[in-house]
Amino acid sequence: MPAPGALRVEHLGKRFGNRVAFEDVSFEVGYGEVFGFLGPNGAGKTTTVRVLGTLIAPTSGSAVVAGFPLGTENDQAVRARISIMPESPGLYLRLSVAENLRCFARLYGVADPEERTGRALEAVRLTDRAKDPCGSLSKGLRQRVALARALLNEPVVLFLDEPTSGLDPVATREVHELVAGLRSQGVTIFLTTHRLEEAERLCDRVAILSTTLRMTGRPDELRDRLFSKALEVRTRVPLAEPGSTFAGVPGVGGWGQSAPNAYTLTVTDVEVAAPALARALVGAGADILAIAEARRSLEDVYLELIGEDVEAGRR
Amino acid sequence: MSFSAGRVDAVFRKELQDYRRNRAVIATMALLPVVFVVLPMVQLFSIKASTASSTLDLRIGLSLLYMLLIPAVVPSTLAAYSVVGEREQGTLEPLLITPVRSDELLVGKALAVLVPTLAVAYSVFGVFLLAAALFAHPAVVSAVFRAPHLLVQVLFTPLLAGWSIWIGTAISARSSDVRVAQQLGVLASLPPLAVVALMSLDVITPTFGLALALGAGLLVVDGLGWRAVAAMFDRERLITGSRG
């Protein structure tokens, strides 16, 4: 478990007039952790990032970002220690890649902007495009330049706001590889996304937001909290008496039939139930094709938590 | 963190690099001065040698006043674009994420407008003086090269440019649309135009005292301008469109 303290958020909220962007949001992110912030469009993810990045002021609650409490007096100190890669790269399109980065390196006051720019370009594998005008780059490459820009000040916390939004699968994969690389270097990353496979692949823990925070934890923890454990069984032919076959198996709470020869059993402990179930099936003369733990995806968790909100929004 | 010349320099360099590669900016910077130098030239070469010295002085004075429209008008569109333009092209948020202070950002942007404006205005004035020296009547030449005329031109150019830049930047910081900002920026450059018009219509007589009063007023506006505009610079409003 990483040391706590890169981000500590307590009952944070932001309103724009009568409209609530998000409210009562509390969580903690440790140093070196990759924290996913999931939620549908309009859930308040970007506003949360902007509040934590000192771009806008919260209307309630408090937060400590990179060791500094949020507040006007600490705005510059926080901004010097964090980076935000916004959803839109926001590059100066008439300037070259290197000119864009040098400008930001100077704004961060780095000692040798030239050297730092070179290192950032190396990190995103764009050294050979340094002299190209940003306007000539593809969307994926612009996103990589934006990531390089976010690395210039060697941030304590790196906020990535929908880093793969609108990218094709190849560019998305490249960004994922870069983020995974940063993760292995111990960079603390706060990743907002509504791509669940992205969060599942990259994040140590995730929080699910829909104006309020619905749940926080490791993806597998969230699954365990929301869904009971299950085993999926497939046999060559349908069981003659499935009820009596499953009845005495230790750890099995109930069962259902998903196909003529497929059954789903809710269990309390997979490691106890699976071997006992195999023995029971063999005892009943069944030819077993498969016994596997039913895998609930983060998407299932997300839909369980957010689905009702989305439906309500549509209505 | 204290005011950093390094961050001002970073903004200044970036703005100049961006202007240099923007044909529309180059064209505006080049064409407007040409328009504003034509009238004084016509005025200069239409003065007859027999013109009475008081009339000569007035006409030369008016020619030079026309040239002061260059520092008043040229920076207005650039300054009006400076903040809202960044917002529209999506580059403002990454900029505001850095430790740059509002006043550093605004001073960097103002300098990037001021420096080319001064270069253009003084160059045009140089061309005007050269043309006068080479082609105008000797009596006209001596009137043009009088110290007060030269001094007014040299001193008022940066003062007018400063006025125009701060007004334009203030409009830009509060606008939500580039076109509106630029239209208002041009409107904001009208007061000097009005002064020139009143002088040319003999409603106001250009006197040393008037020049001194105008100069002092502009100096105050320029001196306080960056602080006033920095106070109007609301990051939250610029990022979200809502008041912070």
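I begin with the surface of chain B, where B:F45, B:L130, B:L134 and B:F135 form a nonpolar patch with about 460 Å² of accessible area together. Patches here join nonpolar side chains (Val, Leu, Ile, Met, Phe, Trp, Tyr) within 5 Å, from residues with over 30% relative accessible area and no salt bridge; the areas come from the Shrake-Rupley method with a 1.4 Å probe. Helix α7 (residues 102-135) of chain B gives the most to this patch, three residues, and B:F135 lies in that helix. Helices are DSSP runs of H or I, at least four residues, numbered from the N terminus.

This is a predicted model, in which local features need pLDDT of at least 70 and side-chain atom pairs count only at pLDDT 80 or more, while totals for chains, interfaces and linings use all residues. Residues are numbered from 1 along each chain, chains are lettered from A, and side-chain values use heavy atoms, without hydrogens and water.

I turn now to the interface. In contact, meaning heavy atoms within 4.5 Å, are 28 residues of chain B and 26 residues of chain A. The buried area, that is, the accessible area lost on being put together, summed over both parts, is about 2,800 Å², and carbon and sulfur atoms give 59% of it.

Four salt bridges cross this interface, by the rule of a Lys or Arg side-chain nitrogen within 4 Å of an Asp or Glu carboxyl oxygen. A:E99 forms a salt bridge with B:R21, their closest N and O atoms being 2.5 Å apart. On the side of chain B that touches chain A, α1 (5-20), α6 (92-97) and α13 (235-240) each give two or more residues. The largest share, seven residues, comes from α1(B).

Methods. Buried area is the accessible area (1.4 Å probe) that two parts lose on being put together, summed over both. Patches are made of residues with over 30% relative accessible area and no salt bridge: like charges are joined within 9 Å, nonpolar side chains (Val, Leu, Ile, Met, Phe, Trp, Tyr) within 5 Å.
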